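Subject: Structure for you to look at

Dear colleague,

Here is the structure that I promised to hand over, and my notes on what was found follow below it. Please read them with the model open beside you.

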Amino acid sequence: MEDEMEASMGNGKKKKPLVSIIVLAYNHLEYTKLCIESIYKYTSHIDFELIAVNNGSSDGTKEYFESLPGAKVINFEKNVGQWNGFNAGVKASRGRYISIVGNDTILTTNWMDNLLKCIKSDKKIGMAAAGANVIDNHQMISADYSNLEEMQQFAKEYNKSNPKKWEERIRIIPTVCIIRPEVFKKAGYFDPTFRFGEYGDDDFCFRVRRAGYKLIFAGDTFIHHFGSVTTDIEHKKFNSLAISRQLFMDKYGLDIIRDGFYNAMLVDAIEYRKKQAVKILGINTFCGCTPLQIKNRFKTIDVEDVYISTFTEDPKYITDLKTISESVFCGSLDNIRQFYRQERFDYIVLEEGLERHQNIEFIFRDLKNLLNDRGQLIFIMENESYFRNIIKLINGGTLCSENDFFYPCYNKDKLIKLFETLGYKNITPVGCQIMASEDDKKIIDSMIDLPGIKNKEISRCALSIAYFVFSLEVD
């Protein structure tokens, strides 16, 4: 319907193509040719314009682009940076949608069909990205193939449009993606401050969400990605990942590595029961990735009515939590009941911050009263036996909150006894986070060799675990 309305507009202007496909290349002509050939082969049935941006290449890319029939070619004499290059392509585009394509990718059957179906399904979707064989951010699609012919056969069978595989995300990696042009008007263009490329896509994603749009990982769409062909050199030569990460932190006050990923252990620990509606409370979940991914999981079992409320003790997260939550509150976890006097939740996810509080018994009593019947609480808590805590105490330090009050830490057995006293049921330690490098293991081994240590394996495990992950239920 959207296409029909736009195509029928008789304003005397040349009809816009459905999609503008922008390919940016800096050398690596052999990969670029594979990419371009796959675009023509697997997008020939769609009305598109190709915008080929040569970012100062010296390997014949310029001449190759100029030989492409009907392509709109943009040449830069020198490399102006990834985001300046893509911005030039966006500004030259005329399509009703814009597709960004990395030149180190190979497109596949139905890649564009699927992305179009996804973005057209909801006008609030500003951007949708495909999955790949080599990609970060839980966008990897496992595929077993040994050559490109087998890859294409896999993609042909896999790329069936399936809305259950569309996941709303806090951030997506746009190796191959589709974007509404109006998004650039509201959120701005790509920021060339991220001169090495990394985290520039995260910056754009944050601005897109904050402008009122959704970001979707189209998990029903597989493309082949060779993997950072151009940027790997800069990673090593300029330490570009660390520099770009700091640029993002300076701009937003957020660390994307900590704040922009969901905790898979918490997501997997949820008991996904099919029901008409689900209410989730996310507590200290950073930018909200974990409760949002739980919502995505419910969608796969046809639970569409999922309500998310989020509570944070750090006001810097409020802006982004508002983009994925029906309600957001900020305060102290000690006083959470005053914010939710009437509400009850099916699931409470507490991702961080218990260690800052002295009376966790009071907190767990409050959280129990916020759960519906058969409600489930999933949380992470620091392990008092973690070897770094012990070293801190040995060196004369204390385990203190930000206000310099001593706070207690709890090991697994203490926690279980506490939960039993409070009346929780189905108390299940569902996992742990082991934080021990090779050098750390040497320190741990030296500690368990001290006299009086009876069971070295139990001690090694206790010293290595930084966090416990628990699941609790109420009747």
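Helices (H or I, at least four residues) and strands (E, at least two) are taken here as DSSP runs, numbered from the N terminus. This is a predicted model, in which local features need pLDDT of at least 70 and side-chain atom pairs count only at pLDDT 80 or more, while totals for chains, interfaces and linings use all residues. Residues are numbered from 1 along each chain as its sequence is written, and side-chain values use heavy atoms, with hydrogens and water left out.

The chain has 19 helices and 16 strands, and 51% of its 475 residues are buried, a term that stands for under 20% relative accessible area (1.4 Å probe, protein chains only).

The cavity search runs on a 1 Å grid over the protein atoms alone, and a cavity is a set of points where a 1.4 Å probe fits but cannot get out, with lining residues having an atom within 4 Å of a point. Grid points are joined across faces, edges and corners, and a volume is the space filled by probe spheres set on the points. One cavity of 30 Å³ or more was found by this rule, and the largest cavity holds about 80 Å³ of space. Its lining includes N137, E168, R169, Y262, C289 and Q293. Strand 7 and helix 13 (289-299) are the elements that give two or more residues to this lining, and helix 13 gives the most, with three residues.

D191, in the loop between helix 7 (181-187) and helix 8 (200-210), is buried, with a relative accessible area of 15%. The side chains of D191 and K251 are joined by a polar contact of 2.9 Å (a pair of N or O atoms within 3.5 Å; within protein, one must be able to donate a hydrogen and the other to accept it, and residues adjacent in sequence count only if both atoms are side-chain atoms). P174, in the loop between strand 7 (166-169) and strand 8 (176-179), is also buried, with a relative accessible area of 10%.

With best wishes

Definitions and conventions: Buried means under 20% relative accessible area, exposed over 50%, partly exposed in between (1.4 Å probe, protein chains only). On a 1 Å grid over the protein atoms alone, a cavity is a set of points where a 1.4 Å probe fits but cannot get out, and a pocket is an open set with protein on both sides within 12 Å along at least five of seven lines; lining residues have an atom within 4 Å of a point.
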